[in-house]
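The sequence and structure come before the details.

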Amino acid sequence: MAQYSQAEEVLYNTDYEKEQEGDELLGEGRKSIDGAAIFSMWRGCFTMSLILNIFFLGVIIATYTKPCKDPSLPFYSPAEKLVEYQPRVFSESFEEQRTEYQGVPNDERDKLWLDMYEAFIAIPAEQRRLLANATERMPWEPFRGDLMSALSIGHQMHCLDQLRQSFWPQRYNNSIWNADGSFDYLQFGHFDHCIDMLRQSLMCACDIAPLAFHWNPNTKSGRIRFDTLRTCRNCEKIMKWSTDYKAVYHNHNDRLVVEGDHVPEDTGPGLLAMTPKDGFEEIEHGWASHVKQMYSQLREEE
């Protein structure tokens, strides 16, 4: 065995102690480095998770708070930005559930109906290319050059009101029978048109809300209930808008033609005044052949 001097042993022991101390310091350093790396990794994951959560929350908020684009309106309407949906329970329109639009007519009730449809609107001229159907321009001030239009709901309400008025001919002079008992073919044609326009509108909307049946102990049978929950457009909001943007319609022969516009000529129904004894006096064009054919059929059935 090698013999070391006292001086060599002191140097050897000193080097060994330093090496041991170095190993201990290195181990503690490694532990410190591993802990910092793990903390940094978790902090990065947390930050990334927070960013992704904020992003997806923003997507959800943007999706559910964006303006309503009515899927039934792929074509432009100046009122499309007003469309909003709301839950509504229908009235059964019987007895205690009768609405203000029902009942014996009076001036107040007439105004309620009239306010729903007496509104032509002027669409700004720059929106012409957005419209699916070409339309005439307003030839009168202050709307001159704007586009002449009306919302379909207004015409539908007009048709419904015409049918309502027909039940009270003494008040409205609105009947298929003239005062002398003769048949008013022009008015019949108007009603016939209105009935089918309402049919088309109802089938277009195609309300699929399920109705409910409740047991009626008095009749011992199930009774259909109409006071059910629906999802409805806010019609009052749209009607108010159309009234606020109402344009005065002058029923005369003025026409404004702008170069570049293409509006097909209308060869459809015109205004006719006719009775069986007066024959068919055509005041405007169109519709005469249809009404004559209808009149002939009715005469054959008499």
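## Salt bridges within helices

With which residue does Arg-164 form a salt bridge, and how far apart are the closest N and O atoms? The partner is Asp-161, and the closest N and O atoms are 2.6 Å apart. A salt bridge here is a side-chain nitrogen of Lys or Arg within 4 Å of a carboxyl oxygen of Asp or Glu. This is a predicted model, in which local features need pLDDT of at least 70 and side-chain atom pairs count only at pLDDT 80 or more, while totals for chains, interfaces and linings use all residues. Residues are numbered from 1 along each chain as its sequence is written, and side-chain values use heavy atoms, with hydrogens and water left out.

Arg-164 and Asp-161 both belong to helix α3 (residues 152-165), three residues apart, about one turn of the helix. Helices (H or I, at least four residues) and strands (E, at least two) are DSSP runs, numbered from the N terminus. Both residues of the pair, Arg-164 and Asp-161, are buried. Buried stands for under 20% relative accessible area, exposed for over 50%, and partly exposed for values in between (1.4 Å probe, protein chains only).

Helix α5 (residues 185-205) holds Asp-196 and Arg-199, again three residues apart, about one turn of the helix. Salt bridges that share partners join Asp-107, Asp-110, Asp-161, Arg-164 and Arg-171 into one network. The side chains of Asp-196 and Arg-199 meet in a salt bridge at 2.6 Å, N to O. Asp-196 is partly exposed at 32% relative accessibility, and Arg-199 is partly exposed at 38%.

The structure holds 13 salt bridges. One of them pairs Glu-84 with Lys-237, the closest N and O atoms being 3.3 Å apart. Glu-84 lies in the loop between α1 (6-65) and β1 (85-89), and Lys-237 in helix α6 (residues 235-244), so the pair ties together parts that are 153 residues apart in sequence. Glu-84 is partly exposed, with 31% relative accessibility, and Lys-237 is partly exposed, with 33%.

## Cysteines

The structure has one disulfide, defined as a pair of cysteine sulfur atoms within 2.5 Å. Cys-159 and Cys-194 form the disulfide, with their sulfur atoms 2.4 Å apart. Cys-159 in helix α3 and Cys-194 in helix α5 are 35 residues apart, and the pair links distant parts of the chain. The torsion about the S-S bond of Cys-159 and Cys-194 is about -70°, so the disulfide is left-handed. Cys-159 is buried at 0% relative accessible area, and Cys-194 is buried at 0%.

The sulfur of Cys-206 is 9.1 Å from the closest cysteine sulfur, in Cys-204, which is too far for a bond. Cys-206 is partly exposed, with a relative accessible area of 48%. Cys-232 is in no disulfide, and the nearest cysteine sulfur, that of Cys-235, is 9.4 Å away. Cys-232 is buried, at 13% relative accessibility.

## Strands

Three strands form an open antiparallel sheet in the order β3-β2-β7. The strands β3 (147-149) and β7 (246-247) stand at the edges with a single partner strand each, so one side of each is left without a neighbour in the sheet. Two strands pair if DSSP finds at least two bridges between them. Strand β2 (residues 120-123) and β3 run antiparallel and are joined by three bridges. Ile-123 stands opposite Leu-147 in β3.

Strand β5 (residues 221-225) contains Arg-225. Arg-225 is buried, with a relative accessible area of 19%. Not counting residues up to four places away in sequence, Arg-225 touches Glu-92, Gln-97, Leu-211, Ala-212 and His-214, contact being heavy atoms within 4.5 Å.
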